[in-house]
Amino acid sequence: MVENARSINIAAGILLAIGILYIVGPLYLTLSTASQSYEYMLRNGLAWVPGTEFFANIEKVIHDTRIPIQMLNSMIVAFSNALATCVLSFLSAYAIVYFRIRWAGVVFALILATIMLPLDIRVITTYQVAANIFSPLNAVLDFTGLNTLIASVFGSPVQLELSVLDTHFGLVAPLVAHGTGTFLFRQFFMTLPKDLFKAARMDGAGPIRFLIDILLPLARTSFASLFVLTFLSGWTQYLWPLVGASTPDMQTAVVGLARLVPDADGQVPDFPMIMAGAVLVSLVPLTMIALLQRFLVQGLVLSEK
Amino acid sequence: MSSESSLFSHRWLPALLLAPLMLLIVLFFYVPVFQAFYWSFFLEQPFGGGSEFVGLQNFQRVLSDPEFWGATGRTVIFMLTASSLAVVVPLMLAVAADRKIGMSYPARNILVWPKGIAGASIGVVFAFIFNPFVGLMAPLNVLFPGLWNPGIDGTDAFVTLVAAHVWSGIPFNFVILLAGLRSIPPTMYQAAAMDGAGPWRRIFDVQLPLIMPQLFLTFVLEFTESITSVFALIDTITGGGPGGSTTLLVYKIYVDGFRGFDLSGASTQTAILMVFVLLLAACQFFFLGRRINYER
């Protein structure tokens with residue numbers, strides 16, 4: 001097609017340039033301010049040109065704050081979130097698609113419904129459950145009257161207590177209770193030809209063999225996409241790690257970064273140091289995006305189809 | 001082989017495969033959701049001090065509280081402004097990036113970066129950039145005192161929140177909309193061009209109608225997203241201030257529950273917010289979704 005599209009191409013170019021500026025601008029100002037001294041910032045405000053204090057500021061973050069150990073926590077939380085989501089979603093999608101179960105539709109609907117109400121909305125009561133993960137069991141025993149029975153036989157009712165607050169498990173588990181992964185794998189399984197299954201059956205493959213030898217290798221890209229997506233989501237969580245961990249040594253890096261800004265007004269905070277912290281905290285996920293962008297984009301598209 | 005064998009039959013294996021995820025989902029999704037509704041009918045004492053059935057009293061208390069209505073109103077305003085911008089801005093960028101011009105390659109890469117930056121991190125950065133004394137606006141504030149101060153002026157604080165939210169929301173919406181645009185078959189453009197529609201005209205007559213499913217999807221998700229993910233931005237940029245002008249519902253629930261230890265009040269508001277989110281999704285699905293032609 002030959003036509004004159006000059007005006008629209010120029011407009012599109014300008015628009016994209018503004019968009020890039022909007023995204024990169026704050027990142028550049030973060031980096032340049034992180035490379036200036038506190039005194040420079042007090043005199044000149046935010047830095048338009050990079051200075052020489054970058055490594056000094058980074059060192060301040062590493063020595064004076066808990067960011068290093070909190071980054072380790074973030075790493076554990078993000079990695080376990082990604083791994084657990086991938087494995088559990090894969091298994092549940094496999095059960096829903098490849099087995100004759102009467103309640104498959106119901107189960108899938110129950111899993112999918114989790115997408116509607118994000119963790120941030122139900123944080124109050126999720127916190128209460130995490131404070132004692134046996135509380136639902138206790139409530140059921142109380143409600144059904146089993147506890148009165150137990151109390152009359154053994155002398156006291158069953159009241160189990162186990163808090164997962166301030167543990168890595170507690171930080172991760174509510175994030176895994178999410179339906180996106182199952183949805184993604186189900187969509188992927190549906191695109192596979194039915195003959196694949198029939199051929200495998202004819203060769204005598206049972207459920208486990210089919211899962212490991214056929215589906216697993218085929219699903220590699222889906223795994224990679226979901227892994228990148230959930231890793232980033234785990235790393236960037238804020239509200240749940242904020243309430244789920246109360247000691248600085250259990251908090252994640254993003255929460256730790258937000259805590260670097262003093263609450264009280266008065267003295268201007270040490271913004272260069274805080275910006276160096278922001279650079280440090282964003283380094284892992286940004287590197288991941290740079291290296292695995294293909295999978296990220298694919299995951300975003302797949303997860304919402 | 002008969003069609004019977006197109007699925008595995010096994011008594012306990014599928015249940016075993018589903019069990020781990022279902023256990024987590026029941027424990028950390030359905031129990032909390034149920035508990036929020038349950039507690040909204042009880043007066044719950046903090047630190048396990050027992051509870052007492054109070055019927056609708058919690059709802060009466062919450063619904064007669066002007067602060068609740070203030071937070072709800074601000075949530076709706078934020079939802080409408082921030083989420084519209086968070087869809088329209090990526091939409092314009094996606095339409096631009098869909099053209100084969102030099103700029104579209106770096107744009108497709110760079111516009112995804114915010115996905116890796118936590119809401120709270122960009123909140124900390126925006127709080128600094130829009131700081132009235134050392135930030136971007138500081139020189140202007142010297143010339144025109146009082147022009148910009150999110151610490152005092154509620155509108156300034158609100159605008160900062162919206163700007164940060166749009167920044168964070170670009171990657172997802174951009175990727176989805178661009179994928180929609182790229183799936184439009186080239187023959188559509190050729191046919192429109194034959195009919196005399198120029199490239200500007202084709203945006204409105206071909207591209208927008210054909211990516212309605214993606215637009216609809218981004219709006220649905222963006223509405224919920226703008227209500228919930230704004231927490232990290234509020235907590236790092238404004239702290240709900242000045243004077244409560246940026247206290248949205250999700251932030252008020254957190255403050256009431258975790259700082260005020262008002263578990264019943266927080267649960268009641270959680271229940272109301274959940275109903276609101278579900279109704280919103282249902283409305284969009286039934287009223288908006290019906291008008292969209294998914295056929296290609």
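A:Arg259 reaches across to B:Asp235 in a salt bridge, with 3.7 Å between the closest N and O atoms. The term asks for a side-chain nitrogen of Lys or Arg within 4 Å of a carboxyl oxygen of Asp or Glu. By that rule, the interface of chain B and chain A holds 1 salt bridge. This is a predicted model, in which local features need pLDDT of at least 70 and side-chain atom pairs count only at pLDDT 80 or more, while totals for chains, interfaces and linings use all residues. Residues are numbered from 1 along each chain as its sequence is written, chains are lettered from A in the order in which they are written, and side-chain values use heavy atoms, leaving out hydrogens and water.

Now step back to the whole interface. Chain A brings 102 residues to the contact and chain B brings 98, contact meaning heavy atoms within 4.5 Å. Together the two chains bury about 9000 Å², with 81% of it on carbon and sulfur atoms; buried area is the accessible area (1.4 Å probe) that two parts lose on being put together, summed over both. On the chain B side, B:Phe8, B:Phe28 and B:Phe128 supply 10% of the area buried against chain A, more than any other three residues.

Axes are lines fitted to C-alpha atoms over the stretch in contact, and angles run from 0 to 180 degrees between N-to-C directions; helices are DSSP runs (H or I, at least four residues), numbered from the N terminus. A:Leu196, A:Phe197 and A:Ala200 of H11(A) meet A:Phe210, A:Ile214 and A:Leu218 of H12(A).

Conventions
Helix = DSSP H or I, 4+ residues; strand = E, 2+ residues; numbered from the N terminus.
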